[in-house]
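Please read these notes with the structure open beside you, and look up each residue as it is named.

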Amino acid sequence: MKKSYSDYISEINSKELLEGLIGHGLFAEKIPHFLTSKDFSVYINELKLPLEEIKAKDNIRYASMRNINVPRQMAIPEPFAYANLCSFIAENWKRIQKYFEFESRHNKYKISRIHLRKMENTATLFEMNYKNYEKDGAPQDEILVKSRYIVEADISNFFPSVYSHSIPWVLKGKKFAKHHRDKNLWFNKLDYFIRNLKYGETNGLLIGPHVSNLISEIILIKIDSILNAKGYKYIRHIDDFTCYVPTYEIAEQFLIDLSEELRNYELKLNDKKSKIIPLPQASVKNWVTKLNNYLFINTYKKTGKKGSEQRN
């Protein structure tokens, strides 16, 4: 059975969220496994969070090489500031779940392909290379019909460019949030705890900790909702958009509309990476991507006897 975005979010309860983010999501996947926050998660459960004496903290910076031979600046947050943010999100998880449900309610398929979800045999809630697309469905096959162009676009320097004040904007509306700046309101507190991970700075999410992927989805699911309402058919891998359109003019309009929506939240389209590709050439890449991300469940096991291979 195919799952919707809301299905994935709603099946995570606040306790699982807190354990997943703190015990399994403080360090990025590329960090060597000898570094773990499981014991820290157990210790945090004995404390009353948030810890009020924990104010803005700096983070540890390091570079990780990407497959394009360009280093990506990543970070390890100060643990207690991170725990404060995660515990506050868990405390307000039902509100955030309702927000995700509302913004994705009109989606005919799951637009966002990489996000927090429960997984088998692990308390981890996020993986960049999640491969079980049987549950997610393959909307590309359907939306390719009648499409003559593919639009590829992404957000310029996305995580470092996220403006913390834009989180209240998307949750409550920009005008409302600007007129309700009481620091005790929950959406402003969320902004505060996000800033505390970056020494009080308003620009940028730390790359690596799983909570950053959750926060980024708060912004991007709003953009999805608006673009979906305009009739665009696309999928999104975090900040990478792939839109399927029937005409070149609509392809151009998609880039214009996406750029305008990003500007509402102080984000910018990456003009150098945005392109319009005619079909069927673009479909070749689509098939390669699909095969690379397919989870092959059926395998053959040799039993040691000639001709006795067994299929699982």
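1. Trp93, Tyr99, Phe100 and Glu103 of helix H5 are in contact with Leu214, Glu217, Ile218, Ile221, Lys222 and Ser225 of helix H11, where contact means heavy atoms within 4.5 Å. By class, this contact holds six nonpolar, one polar and three charged residues; here Ala, Val, Leu, Ile, Met, Phe, Trp, Tyr, Cys and Pro count as nonpolar, Asp, Glu, Lys and Arg as charged, and the others, Gly among them, as polar. Helices (H or I, at least four residues) and strands (E, at least two) are DSSP runs, numbered from the N terminus.

2. Please keep in mind that this is a predicted model, in which local features need pLDDT of at least 70 and side-chain atom pairs count only at pLDDT 80 or more, while totals for chains, interfaces and linings use all residues. Residues are numbered from 1 along each chain as its sequence is written, and side-chain values use heavy atoms, with hydrogens and water left out.

3. H5 (residues 93-103) and H11 pack at an angle of about 30 degrees, and their axes are 9 Å apart; axes are lines fitted to C-alpha atoms, for helices over the stretch in contact, and angles run from 0 to 180 degrees between N-to-C directions. The two helices H5 and H11 are therefore roughly parallel to each other, given that angles under 35 degrees count as roughly parallel, over 145 as roughly antiparallel, 65 to 115 as roughly perpendicular and the rest as oblique. H5 passes H11 in a left-handed crossing, a crossing being left-handed if the near helix is turned anticlockwise from the far one by less than a right angle, and right-handed if clockwise.

4. How do H4 and H10 run relative to each other? The axes of helix H4 (residues 79-91) and helix H10 (residues 186-196) come within 9 Å and cross at roughly 155 degrees, and H4 and H10 are therefore roughly antiparallel to each other. On the H4 side the contact is made by Ala81, Asn84, Leu85, Phe88 and Ile89, and on the H10 side by Trp186, Lys189, Leu190, Phe193, Ile194 and Asn196. Sorted by class, the contact of H4 with H10 has eight nonpolar, two polar and one charged residues.

5. Turning to the strands, an open sheet of four has the order S4-S5-S3-S6 with antiparallel pairing, and two strands pair if DSSP finds at least two bridges between them. Its edge strands, each pairing on one side only, are S4 (233-237) and S6 (275-278), and the twist averages 20 degrees from one strand to the next. Within this sheet, S3 (residues 149-154) and S5 (residues 240-245) pair in the antiparallel sense over six bridges, and the bridge partner of Ile150 in S5 is Tyr244.

6. Some backbone details deserve a check, since most residues other than glycine have a negative phi, and most peptide bonds are trans. The peptide bond from Leu49 to Pro50 is cis, with omega near 0 degrees, and the bond from Leu279 to Pro280 is cis, with omega near 10 degrees. Asn121, although not a glycine, has a positive phi of about 60 degrees.

7. As to confidence, the protein averages a pLDDT of 89, and 87% of the residues score at least 70; pLDDT is the predictor's confidence in each residue, from 0 to 100. Over residues 299-303, however, pLDDT stays under 50, and over residues 307-312 it is below 50. Where pLDDT is low, the predicted coordinates should not be read in detail.
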